[in-house]
Amino acid sequence: MDKRDYYEILGLDKTASKSEIKRAYRKLALKYHPDKNPSKDAEEKFKEISEAYAVLYDDEKRKMYDTYGHAGIDQRYSTEDIFRGADFGDIFRGMGFDFGSDFGLNDIFERFFGHRTGFDRSPRRQRGNDLRYDIEISLENAYNGLKTEINVPRTELCDYCGGSGAKPGTNPKTCSQCNGSGQMRLTRRTAFGTLTQIGTCSRCGGQGKIIDTPCPECRGKGVVQKTRKIEIKIPKGVENGSQLRLTGQGEQLGRGMESGDLYIVVHTKEHPRFKRRNSDLYQKINISFTHAVLGAKVNVSTLDGIYKLRIPEGIESGEVIRLNNKGMPKLSGRGYGDMYIEVHITTPKKISKKGKKIIEELDKELNN
């Protein structure tokens, strides 16, 4: 199932301060703590709110979550990393759960997640790095949508050896030190019990294999640096700063690993005529004094062509005329925004004698 939004879980706005996050978690933890709430769903609820708190309370993780959502947290952080740095001890001591002065990360895992840090029996599958690509487009591109190709440098599996790192025709050997697991387990006794540590095998570097005859293309790494052409489709109505996620188009760091994702960040160039606010467009036009007095129909530019705009009689400088559905397409696909045209009246600097006489007569008529 898809994870719920962390802010929604804690009942917070995205602008919530750290003290508000802590206060919201304390209130919910008191409600769902398994020692206080014997209901069947309390423990799962407690885990959910604890994860939301651990991410949002940490500035770096919160920034990653605000930028990329759950994709920025999942696979990037292990379960232990998600909870590392959260101030659980202070919270629970203040709620009457006195677990001693050294209460912290390990206690959370042991009491509520069934294991202490470093002993997760279901480790996450390794994943390649996510990539970011910034692209600048015109307002017209944002209006019409855009299909284009971009060149993305990334790390990917070596085509020559298929990612094995071994020269074609040869095979890697299983590491005799770790028996192909890539990990070494060290167990020792202490005054407090048995301590087991799991680390990367020093001989094979965690690969589980030893390569005697490396691939000449990737030199035994199994991966190479390449620049790929990737087709992207930017939807109509995309806003400045929007991010598009291309799943699996990031880096792949080894055979059997999942590829990371590619995030396209869209930047819209300043337009010489239009200003954009959400799905609405704004522009200014100049009209003559006579058009302001008598009214007229004038040509105005929109992103889908020229529009014949009716200027009402007696309009004043600075008034705004609204054109329905002449703004940007809405990302939801439900219609368009509006265009707001601010009208300014220009005063002629030079005028003929005949024109001056006509205006003087008009002045007499208007002021008598």
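Q: A polar contact is a pair of N or O atoms within 3.5 Å; within protein, one must be able to donate a hydrogen and the other to accept it, and residues adjacent in sequence count only if both atoms are side-chain atoms. So which side chain does T302 join in a polar contact?

A: That of D304, at 2.5 Å. Before we go on: this is a predicted model, where local features need pLDDT of at least 70 and side-chain atom pairs count only at pLDDT 80 or more, while totals for chains, interfaces and linings use all residues. Residues are numbered from 1 along each chain as its sequence is written, and side-chain values use heavy atoms, leaving out hydrogens and water. Back to T302: a polar atom of its side chain also lies 2.7 Å from the backbone oxygen of G305.

Q: Where is T302 found?

A: In strand β12, which covers residues 296-302. Helices (H or I, at least four residues) and strands (E, at least two) are DSSP runs, numbered from the N terminus.

Q: And is T302 buried or exposed?

A: Buried means under 20% relative accessible area, exposed over 50%, and partly exposed in between, with a 1.4 Å probe and protein chains only. T302 has 10% relative accessibility, so it counts as buried. Take contact as heavy atoms within 4.5 Å; leaving aside neighbours within four places in sequence, T302 touches F274, Y307, K326 and M339.

Q: How do I read sheets? What is the order of the open sheet of four strands?

A: Two strands pair if DSSP finds at least two bridges between them. Here the order is β10-β11-β15-β14, and the pairing is mixed. At the edges stand β10 (275-277) and β14 (320-323); each has a single partner strand, so one side of each has no neighbour in the sheet. From one strand to the next, the twist averages 30°. Angles like that run from 0 to 180 degrees between N-to-C directions, and axes are lines fitted to C-alpha atoms, for helices over the stretch in contact.

Q: How many bridges join β10 to β11?

A: Three, and β10 runs antiparallel to β11 (residues 280-288).

Q: How many disulfides does a search of the whole structure find?

A: A disulfide is a covalent bond between the sulfur atoms of two cysteines; the cut-off used is sulfur atoms within 2.5 Å. The search finds zero. The sulfur of C201 has its closest cysteine sulfur in C204, 3.7 Å away, which is too far for a bond. C201 is buried at 1% relative accessibility, and C204 is buried too, at 9%.

Q: Last one: what is the mean pLDDT of the protein chain?

A: pLDDT is the predictor's confidence in each residue, from 0 to 100. The chain's mean is 83, and 83% of its residues reach 70 or more. Go carefully over residues 97-106, where the pLDDT is below 50; that stretch has 22 contacts in the model beyond near neighbours in sequence. Residues 114-124 are also below 50, with 23 such contacts.
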